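Here are a few notes from going through the model.

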Amino acid sequence: MFEMNGNQAVVLGASMAGLLAARVLSERFERVVVIERDVLPPAGEHRRGVPHGRHLHGLHPRGREILEELFPGFTASLTASGAVSGDILGDSRWQLSGRQLRKAQIGLPGLLASRPFLEGHVRAMVQALPGVRFLEDCSVSGLTVTGDKHTVTGVQVRGPGGGGPAQVTGDLVVDATGRGSRTPVWLAELGYQSPGQERVEVGLGYATRTYRLRPGAMDGDQLILTAGTPANPRAGFLAATEGGRRMLTIAGMCGNYPPTDPAGFDAFAAGLPTADIAAAIAGAEPLDDPVPFRFPASVRHRYERLTSFPAGLLVIGDAVCSFNPVYGQGMTVAATEAVTLRGLLARRAVPDARRYFRAIAAVIDVPWDVAVGADLAFPSVPGKRSPKVRLVNAYMPRLHAAAAHDTALAAALVRVIGLKDRPEGLLRPDRVLRVLRGNLANRRRPAPAPAGQVPAATPAERPRQPTP
């Protein structure tokens with residue numbers, strides 16, 4: 001039933017992280033076997049093992065660039081099939097700290113599509129690669145190792161219908177099974193130390209509904225993003241997606257969960273920090289009922305701190321670090337980890353585990369710090385607030401306020417959010433000076449309405465291009 005030959009890699013899980021791992025492994029190994037516990041659906045249909053797949057997902061500009069690199073023609077292919085592409089600042093309303101960033105075309109394209117649509121198309125591209133095989137409806141019951149337990153040689157797999165496990169051998173096994181990864185348990189069973197874990201209890205709950213909006217409801221924009229604030233920890237994301245639909249995900253922190261009955265869902269949306277989303281869905285045709293999801297905590301496993309680790313085993317994606325989904329970082333970080341693995345594979349077929357985990361830790365550090373720092377702006381989120389975190393969380397609302405009238409600051413900010421640039425750039429002296437000047441100028445402007453009472457934005461005038 002299963003291959004037993006050499007020069008083979010095994011990927012556990014057909015998640016986005018697993019698919020991208022299989023893509024880079026296919027350059028180094030003759031055969032790549034992807035083992036997935038689900039029966040894989042056609043592109044665009046929901047997969048049972050992705051309970052959050054019915055909610056809005058984000059592929060940041062850096063993630064789109066990586067997928068374009070790994071699959072040339074990726075963006076054109078998806079947009080031809082119905083995905084929506086547009087400028088991340090010029091075609092979106094970013095409403096942060098109750099302020100809307102000044103819009104401008106900055107030449108940084110984004111891509112909007114549902115998770116099943118995006119994952120299904122990536123999966124089809126991976127399935128078309130020579131030497132890649134998928135084993136569906138199969139569960140992994142454990143690792144196989146050498147007698148000294150120093151090297152992983154494959155996995156034990158139970159196929160459809162159960163029965164005794166069969167072995168799938170591999171020179172390299174990559175665990176991409178997400179938050180439910182059993183690698184920490186397997187390590188302990190083999191006598192290794194399990195990785196330390198960092199958790200940030202965010203108490204996030206969100207709900208999603210899709211609509212067909214009335215013409216002009218979004219004034220030509222493709223995305224309205226309304227972030228929560230410490231005073232009002234509700235967030236909303238209304239985005240264009242394939243098939244002419246609009247998907248709305250509303251979220252609340254620290255147990256402030258949105259209801260799933262239609263009236264309660266609408267009332268929650270009406271209580272967001274700005275009124276734009278409520279105005280856009282007024283009179284819309286709902287295409288389904290609201291669907292809920294709960295995300296209790298962001299979790300990071302510190303594999304890079306282990307002093308010993310078996311050869312032939314790596315971990316990627318949410319199995320290493322699972323981010324608060326309101327920031328949309330997960331798929332882009334997984335893509336960045338995949339190209340990091342690609343670089344190490346170019347040196348040797350089975351990368352040193354400690355070198356790999358240190359390399360992806362550097363990839364994870366920035367988005368983790370950004371997400372955790374933003375979460376700690378909410379007083380109800382437990383955690384240590386270092387002087388750096390307090391400084392940044394005091395600075396960011398002032399940056400948002402200045403960026404409402406400063407295109408260069410707005411562009412710099414969305415490039416950081418899109419994981420294109422490092423956040424330290426927002427603290428460059430020239431940008432800090434622009435923030436100070438912008439806030440002084442704002443004092444001479446009318447004060448914004450209180451949170452939850454900001455009127456819907458009117459179509460913005462065409463601003464000039466940002467200056468560096």
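**Notes on the model**

1. Thr 241 sits in the loop between strand S14 (234-240) and strand S15 (246-252). Helices (H or I, at least four residues) and strands (E, at least two) are DSSP runs, numbered from the N terminus.

2. Before going on, the ground rules. This is a predicted model, where local features need pLDDT of at least 70, side-chain atom pairs count only at pLDDT 80 or more, and totals for chains, interfaces and linings use all residues. Residues are numbered from 1 along each chain as its sequence is written, and side-chain values use heavy atoms, with hydrogens and water left out.

3. What does Thr 241 touch, not counting residues up to four places away in sequence? The partners are Gly 82, Val 84, Ala 113, Ser 114 and Arg 246, with contact meaning heavy atoms within 4.5 Å. Gly 383 is 142 residues along the chain from Thr 241, and their C-alpha atoms are 36 Å apart.

4. On cysteines: the disulfide count is zero, taking a disulfide as a pair of cysteine sulfur atoms within 2.5 Å. Cys 254 is in none, since its nearest cysteine sulfur, in Cys 321, is 19 Å away, too far for a bond. Cys 254 is partly exposed at 34% relative accessible area, while Cys 321 is buried at 2%.

5. Next, helix H1 (residues 16-25) against helix H8 (residues 330-345): the axes are 9 Å apart, at an angle of about 20°. Axes are lines fitted to C-alpha atoms, for helices over the stretch in contact, and angles run from 0 to 180 degrees between N-to-C directions. So H1 is roughly parallel to H8 (under 35 degrees; over 145 is roughly antiparallel, 65 to 115 roughly perpendicular, the rest oblique). The residues of this contact divide into 12 nonpolar, no polar and two charged. Ala, Val, Leu, Ile, Met, Phe, Trp, Tyr, Cys and Pro count as nonpolar, Asp, Glu, Lys and Arg as charged, and the others, Gly among them, as polar.

6. Finally, helix H10 (residues 387-403) and helix H12 (residues 429-443) have axes that come within 8 Å and cross at roughly 70°, which makes H10 roughly perpendicular to H12. Their contact has six nonpolar, three polar and three charged residues. Among those meeting are Tyr 395 and Arg 398 in H10, and Asn 439 and Asn 442 in H12.

Technical notes. Buried means under 20% relative accessible area, exposed over 50%, partly exposed in between (1.4 Å probe, protein chains only).
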